[in-house]
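Trainee: I would like to go through this model with you. Can we take it question by question?

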Amino acid sequence: MLRKKNVVRKKKTIGLCILLSSVQVWAQRSDTLQLVTIKTSRFTKFATGSSQYTIDSTLMLAYKAQHLAQLLAAESQIYMRTYGPGSLTSSSFRGASAEHTAVIWKGFNLQNPMYGQVDFTQIPTELTDRVTIQYGGNGALFGSGAIGGSIRLESTPTFGQPTRTKATLLAGSFGLQRYSVSCDWGKKQKRSKLLAYHEQARNNFTFTNTALPGSPEQRMQHATAQQSGVVLENVMQLRKKQIVSAALWYHQANRQLALPMSVTGVGGNQIDKSLKATIDWTKSHSDWLLMARTALFYDLLNYANPVDIFSGNSQSLTSITEVEGRYTLRAKHHFNVGINQTAIWAESDGYGGRFNQLRTAVFASYKTFAFNQKLQLSASVREELVSSTLTPIMPYIGIEYKLRWGLQLLANANRSYRLPTFNELFWRTAQNQTLLPESGWGGELGLTHSTPNTNKLRIESRLTYFERVIDNWIVWQPVSLGNGWAPKNLRQVHTKGTEFKIAGTFIATQSLQFTVQSQFSGLQSVVSKSNLNDDEAVGKQLIFVPRLTHQHRFVTHYKRSYIGYLHTYTGLRFTASDNSGWLNDYQLGSIIAGHKFHIRSISFVTQFQLNNCWNAAYTVMADRPMPGRNYLITFQFQL
Amino acid sequence: MKQQILTYLLIGQLCWLFSCDDKPNIVAPVVIPPPVKGAVWIANEGNFQMGNASLTVLDLEKKELYENVFENNNGRKLGDVFQSINFIQNLAYLVVNNSQKIEVCDPKTFQSVAIVSGFTSPRYIVQHNSTSAFVSEYYANAIRRVNLSTQTIDGTIAVPSWIDEMVIQNNRLYAAGANSKSVYIIDLTTQELTDSIIVGNAPTSIVIDFENNLWILCKGKPELGTKPTLHRYHSINKTIDKTITLNIDAEATRLRINALKNKLYWLARDVYTLNILDSNATPQKLVDGIGKTFYGLGVNPKTEEIYVSNAKDYVQRSTVIRYDAVGNYLGDFNAGLITSDFYFYYP
C-alpha cells in the first residue's frame, strides 16, 4: 500500500510529462483493481522464467495513431519485415519466421489460419492500452505459433472513472492522414469504449532507383493505402465477483501493392476485411477462478491484378472457445487447467474449395513460491488434437529467483510448435503432401537488475542468453518443374543468441527528467540439418534474419514537454539461403518532440516526429525502397 | 554504488552504440575479357520480385567462371526473373521477364547497348530476319514483333493463349500455347495466326530435327492426372505423326536437341533422352534427379555436353552439373540463383 502511495505521490510531482518513459511507474495502477488482479491471464501468471517487456500506456502515447508495426520496430527487439509504408509488415522474433509470433488479443491468437502471419500495419496501437512482449517459445501456454515469442495486447477496464472522449488527428509526409475518435464511458460497474479510425496515405515518396540506367530519382507509384475500423468494447461486473466483457472489432483495408524497384508494370490491389467478436466471462472466489471465453473471427483477403493468374479471394472463419479454471491453495500453490476448442473453415481460389479443421487442446499449469517468495517456479503442459492427430506434448518449466542487490535470475526450458497453415495444407498443389508441425525445444537463462524505486536514478537491465532447435522447418518447394509448389518439412534450424537491455531514468528535479534506454540483440539462426542433398544452406544464417540489431532512446522531459532521439541499427540480412547475397546494414534516427497542455477541462497533446532524420537510403526487404526523411504531426485532445 | 551504476550504463551504451555487423567478403567486380573461342552464357532467374537475377559466363577456353557479369559491367542489377538468352546478329538478347524488358548486350564488352521495353512479361525471343524478331509473352495472349534496327516493339500478333518457346521454319512461326493444347502457326508474310496444331496439355518447348520435323513437348498436368506428351509434327505432311505419352508423374519441359539434330533431351524431374534416329526407341532416363531440383537444361552444340542446373531450395546458388551425351558426370560449378537457361556462344 505504501508503494502505491509513493506512486501516486510521484504522479503528482512529476506530472504528466513522463510520456516516453519505459520505467513502469504507471503500470502499477492497474493492480489496484482487485478483479483485474485476480484475472491476470495465464499468459502472465504462469510464464515464470521468461523475459517479458511491457510497453505501457505512457510510452505508447508517443505512437498513438500509428500501428503496432512502428511501435514494435522502434521499441522492441523484434525485427519487423516491411515491404514499405502501408505494405505487409510481419515479424521475425528471436530469429524465427513470420509465422512464429503469436499475437494475443482478448486472450485469442490473431494469427491468420490461412497464412499464419499477422500484418502489423493492420493493428492500430489505439486498440490496446499496453503491449507486453514475451520473448521465447512457449507452446504450453500459447499453443501453436509461439515459437519465436508472443505479443500480448492488453487493456484494463477503467471502472469508476469519468467519461473520456479523445480525438486524434495525424498528418504526415506522402499524403498520410489519420483520424480517430474514442469514447470511454460508464458507471462504477459497467464500462464501454468505442473507437473509430480512418487512415489514408499515398506513400508516393521519392527514391533512387538503382535498378535503372543512371539510377534516376523516382516517385513510388501505386502505393496508396487506406484503412478504417471500429472497435466496441463493453465490460460489466455482474453481482459480486463476476465480470463479463465483450468486444467487437471491424477492420477493413484497401491497398495498392507497390512494385519492387526492378519490376515495371501494373501492381496488384488487395482488400482485407475482418470482423472479430469476443465474449469473456469470469467468476472469482477467494481461492478459485472460473473463466470462459469465446471468439468468432472472420477474415477476408481479396487480391486482384489484371495480369496476374494468382488473383483471387480467400476467406476464413475461426471459432475459438476456451474454458479455464484456476485454484489457489494456501496462497502458495496455483493450479490452472483448461480446454480449448478451435474450429476453422477456410476457402480460397488457391485451394479450389472449402476446407475445415477442428483442434481440441487441453492445458494445465502449476506455480508455486518458496523461500519467502524469493523463488517462483512454474510448469505448464499442453496437448492438442488436430483433426484426429495428436501433436507432441508441449511442456514448459520456468524458474525465477531473487538474489541480492536487485538481481533476479530467470531460466526456462520449453517446447514450442507451429501447426501447418491452411495454405500449407490445402493449396491445390500441396493437398497430397504429408506435412508435420514444426516443433522443437528451447530455453533461456537471464539475469535482471533494478535499482530501488526511491532512487533519483533508477536503472533496470536485463541480460539473456537463449537457444532453440526447431525440427521439420517448413519450406515451399516445387512439386515438379513448372508451376506447382508445395511445402515440405525440409530443415532443422538452430538458433542461439544474446539480448541485453538497459534503461535508466534520472529525475534531476521535479520538472526535469532524463531517460536513456538501449536494447541489443545478437543471434545466429542457422540451418543445422537439411533433407535436401548438397544443401549449402546448412550452417548458414536464415534469410531476412539480422544477426545484430540495437536500439537506443534518449528522452528529456521538462515540465509538460519532451524531446527524444531514437537510433536503431539493423545488421545485414541475407537474401540467399547459402548467404551468397545480402542486404546492407542500416542505421536510422528519428526525433520525437511533444507538448501537453490544458485549456479548461480539455487536455491537448501535440507531437512532432521526424523519421529517418539522417535521410538514409535503405531497404528492409530486397528491392523494396524505403522512404527518406519524413515527418508526422499528431494532435490529440481529450475531454 | 551510484558511480558503479553510471559506469555500467555508460559502458552498456558505448559497447553497442557503435557495434556493426561484419560484411561477408565482397568479391571485387570483375571486368572480364571477351571469350575468344567460346563461352556459355548462363541465365540465373533470381527470385520473383527480389531483383536478384544475374548473368554468369563460363569461358570455355580459359575455363574461367565469371559471376554477376551484367552488374559488374553495367553498374546496375540485371532485373527481376532472367528468363532466357538468345544471340541475334552478334548481340546478346537477355530476356528479363518480370522487369518487362530485354537487355541487348555487346558480347565483347558485356555492356548494355539498348533496352527493349514495353512488354507485359517476355519469355523467349527468336529471330525472323535481319530486321525483326519475335518475343513470346506470359501475361498476355500476344506475340510482340521487335524491330532490330531501332530495338523497339513495332507490332503485336494476337494469339489465343500465352506463349512459351517458339521456332521459325519456312516463314512460319510455331508458338507453343502453354495454357492450351495447341501450337499456333503464324504466317510471317501476313503476320497473322493462320492455323494451329492440336497436341497434349500445356505445350512449352519446340525443336526442329534433322528431317525438319518439329518435336513438341507438352508439360501435362500431373495434379489432374494428365501425363506429359511428346509429339512429332511432320513438316511435309503437316500432321502429328507420332505421339509418345511419358509415363511419369512430373511435368516435362525444356526440350533440347543435339547439334546433329537427332537426339532429344528434356527434364521431367530427371533428365530424359530419346534417340529419334531409331523409330522404335523409347525415352530413356539419362540422369537421375533424386535429391536434386533440376531446373535448367542446355546441350552444347559442339561437344554435346549436357548442362543441368540444380536449383536446390530456389533461394541459394544453383549448381550446374555437366554430363556427357550418355550421362557420365563430367563436373560441376556454382552459378547464380535459379539457373534457367544456357546459351553456347562461339564467336
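Trainee: Which strand of chain B holds Lys101(B)?
Mentor: This is a predicted model, where local features need pLDDT of at least 70, side-chain atom pairs count only at pLDDT 80 or more, and totals for chains, interfaces and linings use all residues. Residues are numbered from 1 along each chain as written, chains are lettered from A and ligands numbered from 1 in written order, and side-chain values use heavy atoms, without hydrogens or water. Strands (E, at least two residues) and helices (H or I, at least four) are DSSP runs, numbered from the N terminus. Residues 101-106 of chain B form the run that holds Lys101(B), and that is strand 6.

Trainee: Is Lys101(B) buried or exposed?
Mentor: Buried means under 20% relative accessible area, exposed over 50%, partly exposed in between (1.4 Å probe, protein chains only). Lys101(B) has 8% relative accessibility, so the residue counts as buried.

Trainee: Which side chain makes a polar contact with the side chain of Lys101(B)?
Mentor: A polar contact is a pair of N or O atoms within 3.5 Å; within protein, one must be able to donate a hydrogen and the other to accept it, and residues adjacent in sequence count only if both atoms are side-chain atoms. At 2.7 Å, the partner of Lys101(B) is Glu103(B).

Trainee: Where is Glu424(A), and is this residue buried or exposed?
Mentor: Glu424(A) sits in helix 7, residues 422-426 of chain A. Its relative accessible area is 7%, so Glu424(A) is buried.

Trainee: Which backbone nitrogen does the side chain of Glu424(A) reach?
Mentor: Contact means heavy atoms within 4.5 Å. Beyond four places in sequence, Glu424(A) has contacts including Arg418(A), Ile474(A) and Trp476(A). The backbone nitrogen reached by its side chain, at 2.8 Å, is that of Thr421(A).

Trainee: What separates the C-alpha atoms of Trp582(A) and Leu289(A)?
Mentor: Trp582(A) belongs to strand 31, residues 582-583 of chain A. With a relative accessible area of 23%, Trp582(A) is partly exposed. Leu289(A) is 293 residues away along the chain, and the C-alpha separation is 52 Å.

Trainee: What radius of gyration does chain A have?
Mentor: The radius is taken over C-alpha atoms, and the globule rule is 2.2 Å times the number of residues to the power 0.38. For 639 residues, a compact globule would come near 26 Å; chain A agrees, with 24 Å.

Trainee: What share of chain A is buried?
Mentor: Chain A has seven helices and 34 strands. Of its 639 residues, the buried share is 58%.
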